[in-house]
Amino acid sequence: MSKEKIPDNIVTTKLDKFIGWARSYSLWQYVFGTACCAMEFMSVSSSHYDTDRFGAAMPRYSPRQSDMLMVVGTITHKNAPVLRRVWEQMADPKYVVAVGACAVSGGFYRNYATVQGCDRIIPVDVYIPGCPPRPEMILDGIMALQEKIRKSKQYL
Amino acid sequence: MEKYWMLRDDLKDFFKQFPNAEYLEQFDQPNIRIPAEDMEKIFDFVKNHKKFPMDMLLDITAVDYLTSDYAEQPNLTGREEDLYSETRFDVVYHFYSMKTNRRMRIITSCGGENPEILSSYKWWQAAHFLEREIWDMFGIKFTGHPDLRRVLLYPEFKGFPLKKDFPVLGEQPRIKLRNPEQDNGRN
């Protein structure tokens, strides 16, 4: 079919690209906030920084309805089974963002109580360092995740 | 400073009863160091003091006087006798008298293979969680406590992490941990 025969109001694309585009702009988040980074995260999700621009303004209070798990804060060994279970309850496709030094690597808590990074419990897509990260860094992390979703193969 | 002297003068009768008690003034508060066998009497005394009844138990803390070398060098000589020393732990009670705005501390020592001390729950119910926390962190058993369980750590945790001979990295995971470098799949 040559290009002239397609009317102007029809756009062609690949299925992967189309689904990736749709998924990247409807990131409903489940915020697993355990520590002080969660306080910082409040300002990100409220109107000043406005995550609605990325389609990520809708915090779901049930992991079963969410696409993106934000691990915001220190994960202790006592809390680890809870985080694992929350992640297991999420329906595919699911993405995980680790926010803050503690969620990324354990931060300065090198002791018996703290998990040395939440990637020891669940697979993580985007790491956002900082103690706590600036709101701009969290937005940058969300944009990096969107980029990652758009580029990856979409499983249906 | 005057108010502390008042309290000390008032405690004079008490020191006649307990010759082993030691009076100190540290950190702007009167402290009484007392052997563990006198604890029951001193709880009665402070709670029902005529002038300054200590009706509020603010906090209970414990101090481990073992040096932290033991965690790093487990084969240090003299380890056994230091570990089971009768004066290894200090237990510190912080009291407050709400009517007269006075504070004081009571310090006592314990140790041995299974450190044990009298529970103050009978006198102050606030001791319930405070003593559980000390059991959780130091392994000091409070005799007479109604429900001595771990309060911060999970029940299957082995050992007492604030003891100086507990290893710094004594992690005890409850679930199998992933290795993020080898295992990049979705599990």
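Let me start with a definition: a residue is buried if 20 or more other C-beta atoms lie within 10 Å of its own, exposed if 12 or fewer, and partly exposed in between, with C-beta atoms placed from the backbone. Trp21(A) is partly exposed, because 15 other C-beta atoms lie within 10 Å.

Two notes on the source. This is a predicted model, where local features need pLDDT of at least 70, side-chain atom pairs count only at pLDDT 80 or more, and totals for chains, interfaces and linings use all residues. Residues are numbered from 1 along each chain as its sequence is written, while chains are lettered from A and ligands numbered from 1 in the order in which they are written.

Now chain A. Helices here are DSSP runs of H or I with at least four residues, strands are runs of E with at least two, and both are numbered from the N terminus. Chain A has five helices and four strands. What order do the elements of chain A run in, from the N terminus on? They go α-β-α-β-α-β-α-β-α. The C-alpha trace of chain A spans about 65 × 30 × 25 Å along its principal axes. Of the 156 residues in chain A, 38% are buried.

Next, contacts. Two residues are in contact if their C-beta atoms, placed from the backbone, lie within 7 Å. Take the contacts in chain A between residues at least 6 apart in sequence: 78% of them join residues at least 24 apart.

Back to Trp21(A). Its place is helix 1, residues 15-24 of chain A. Trp21(A) and Gly117(A) are 96 residues apart along the chain, and their C-alpha atoms are separated by 30 Å.

On to strand 1 of chain A, residues 29-33. Is this strand largely enclosed or open? It is largely enclosed by the rest of the structure, because four of its five residues are buried. Strands pair if DSSP finds at least two bridges between them. Strand 1 of chain A runs parallel to strand 2, residues 68-72, and five bridges join the two. In that pairing, Gln29(A) stands opposite Met68(A) of strand 2. Between strand 1 and strand 2 the chain passes through helix 2, residues 37-45 of chain A, and this β-α-β crossover is left-handed. Right-handed would mean that, with the strands pointing away from the viewer, the path from the first strand over the helix to the second runs clockwise.

Helix 2 has a partner. Its axis and that of helix 5, residues 135-151 of chain A, come within 9 Å and cross at roughly 70°. Axes are lines fitted to C-alpha atoms, for helices over the stretch in contact, and angles run from 0 to 180 degrees between N-to-C directions. Helix 2 and helix 5 of chain A are therefore roughly perpendicular, a label for angles of 65 to 115 degrees. Which residues meet there? Phe41(A), Ser43(A) and Val44(A) in helix 2 meet Pro135(A), Ile138(A) and Leu139(A) in helix 5.

Now some backbone details. Asp92(A) and Pro93(A) are joined by a cis peptide bond, with omega about -5°. Pro93(A) sits in the loop between helix 3 (80-89) and strand 3 (95-99) of chain A. Another cis peptide bond joins Cys131(A) and Pro132(A), with omega about -10°. Pro132(A) is in the loop between strand 4 (126-128) and helix 5 of chain A. Asp50(A) is not a glycine, yet it has a positive phi of about 55°. Asp50(A) lies in the loop between helix 2 and strand 2 of chain A. It is partly exposed, with 13 other C-beta atoms within 10 Å.

Over to chain B. Its open sheet has five strands in the order 1-2-5-4-3, with mixed pairing. The edge strands are strand 1 (22-26) and strand 3 (56-64) of chain B, each pairing on one side only. Strand 3 and strand 4 (residues 89-97) of chain B pair in the antiparallel sense over eight bridges. There, Val63(B) has Asp90(B) of strand 4 as its bridge partner. Helix 6 (residues 127-138) of chain B packs on the sheet and touches strand 3 and strand 4.

Last, the two chains together. How many residues of chain A are in contact with chain B? There are 11, and they contact 16 residues of chain B.

Key. Parallel < 35°, antiparallel > 145°, perpendicular 65-115°, else oblique.
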